[in-house]
Amino acid sequence: MQRCDYLLSQLDVLEAESIHIFREVAAEFERPVLLFSGGKDSIVMLRLAQKAFWPAPIPFPVMHVDTGHNFPEVIEFRDRRVGELGVRLIVSSVQDAIDSGRVVEQKGRRASRNRLQITPLLDAIEEHQFDAAFGGARRDEEKARAKERVVSFRDEFGQWDPKNQRPELWNLFNTKIVQGEHVRVFPLSNWTELDIWDYVRREELELPPIYFAHSRQVFERDGLLLDAETGFANRGDDEPEFAATVRYRTVGDASCTGAVKSNAVTLDEVIEEIAATRITERGQTRADDRTSEAAMEDRKKEGYF
């Protein structure tokens, strides 16, 4: 009898796990939605969702909570990619929430709209009656996300209580909720930043160009290189702007997302750079996570991603 050995690569194992999560949630919940920002993690999620249901179309919409302070390159890519796939895009706007008085915009040099995403996100979940929202968080990113469940329970106020989460033994997920509650689902929980880039290379996925080295006007604050081109970051007179060759490890609100100096212009060069770094992407690039050790956990308890 001929013996066949089936050996899966690390990426194959991660892909299979994520596809299983997508299918499980689609089977158990009535109205899932995929949170799509146009960043590398949500791009990988979109590809995994494609594979999970192929040849059928993706059976749920995608949603972006738009701060109004996004990088133009990312918004252009978001709209084009969603159009190519024929997926329904829902945009929940922070600016609309500000105009309606639902949230108050921060003032001062360090003002950011990042935290203001919570209200429009929860409003959209309630309006569309979504009971599960796929997010691109990974456990290697930050301490609060390291203790996140794959299926993360949120109460009727959209809040996350780390002491009120369900055990996930043997990859069995408790999907039971009552009306008004919902869950956030993280198919990339066990992926690392390097896994994401390896998968992008393997699948030949297109990314927004700011993920690769380019010349940009920036200014320095607290060791971060913040964007000076869009005008969303409030630059002080004592913070001169200058040209630098940089790339972005993560793309979020332009007012608080820092660039890193880099000459990596190809996928192979970026992967080599990521493999050598010893600083997490959020630790190196996110000003809002430097306010305190518990900055991310505090936002999650309020309903953040």
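The following legends describe close-up views of a predicted model. Residues are numbered from 1 along each chain as its sequence is written, and side-chain values use heavy atoms, with hydrogens and water left out. Local features need pLDDT of at least 70 and side-chain atom pairs count only at pLDDT 80 or more, whereas totals for chains, interfaces and linings use all residues.

**Figure 1. The two domains and their interface.** An automatic or database domain assignment sets the domain bounds. Domain 1 covers 10-195 + 294-302, and domain 2 covers 208-285. Taken over C-alpha atoms, the centres of domain 1 and domain 2 are separated by 24 Å. Contact (heavy atoms within 4.5 Å) involves 29 residues of domain 1 and 30 residues of domain 2. The size of an interface is often given as the accessible area lost when the parts come together. Buried area here is the accessible area (1.4 Å probe) that two parts lose on being put together, summed over both. For domain 1 and domain 2 this area is about 2,400 Å², with 54% of it on carbon and sulfur atoms. Five salt bridges are counted between the two domains.

Figure 2. Side chains of opposite charge can pair when their charged atoms come close. A salt bridge is defined as a side-chain nitrogen of Lys or Arg within 4 Å of a carboxyl oxygen of Asp or Glu, and the count by this rule comes to 30. Helices (H or I, at least four residues) and strands (E, at least two) are DSSP runs, numbered from the N terminus. Both Asp227 and Arg216 are buried, a term for under 20% relative accessible area, with exposed meaning over 50% and partly exposed in between (1.4 Å probe, protein chains only).

**Figure 3. The salt bridge between Glu239 and Arg109.** The side chains of Glu239 and Arg109 meet at 3.8 Å, N to O, in a salt bridge. The pair links distant parts of the chain, 130 residues apart: Glu239 is in the loop between strand S8 (224-227) and strand S9 (241-247), and Arg109 is in the loop between helix H4 (94-99) and helix H5 (118-128). Is Glu239 buried or exposed? Glu239 is buried because its relative accessible area is 7%. Arg109 has 37% relative accessibility and therefore counts as partly exposed.

**Figure 4. Arg47 and Glu203 form a salt bridge in which the closest N and O atoms are 2.9 Å apart. Arg47 belongs to helix H2 (residues 40-53) and Glu203 to helix H7 (residues 193-203), so that the pair links distant parts of the chain, 156 residues apart. Both residues, Arg47 and Glu203, are buried. The surroundings of Phe60.** Phe60 lies in the loop between H2 and strand S2 (62-66). With a relative accessible area of 5%, Phe60 is buried. Apart from its neighbours within four places in sequence, Phe60 is in contact with Phe22, Pro32, Leu34, Ala49, Phe53, Val87 and Phe134. Pro55 is also found in the loop between H2 and S2. The peptide bond from Trp54 to Pro55 is cis, with omega near 10 degrees.

**Figure 5. Helix H5 and two residues with positive phi.** In H5, the buried residues include Ile118, Pro120, Leu121, Leu122, Ala124 and Ile125. Most residues other than glycine have a negative phi, and most peptide bonds are trans. Just after H5, Gln129 takes a positive phi of about 60 degrees. Gln129 is in the loop between H5 and strand S4 (132-134), and it counts as partly exposed because its relative accessibility is 47%. Glu204, in the loop between H7 and S7, has a positive phi near 55 degrees. At 70% relative accessibility, Glu204 counts as exposed.

**Figure 6. A nonpolar surface patch.** Leu169, Trp170 and Leu172 make a nonpolar surface patch of about 430 Å². Patches are made of residues with over 30% relative accessible area and no salt bridge; like charges are joined within 9 Å, and nonpolar side chains (Val, Leu, Ile, Met, Phe, Trp, Tyr) within 5 Å. Accessible areas come from the Shrake-Rupley method with a 1.4 Å probe, and for residues only the protein chains shown count as cover. Trp170 is located in the loop between strand S5 (151-154) and strand S6 (182-185). Trp170 is exposed, with a relative accessible area of 74%.
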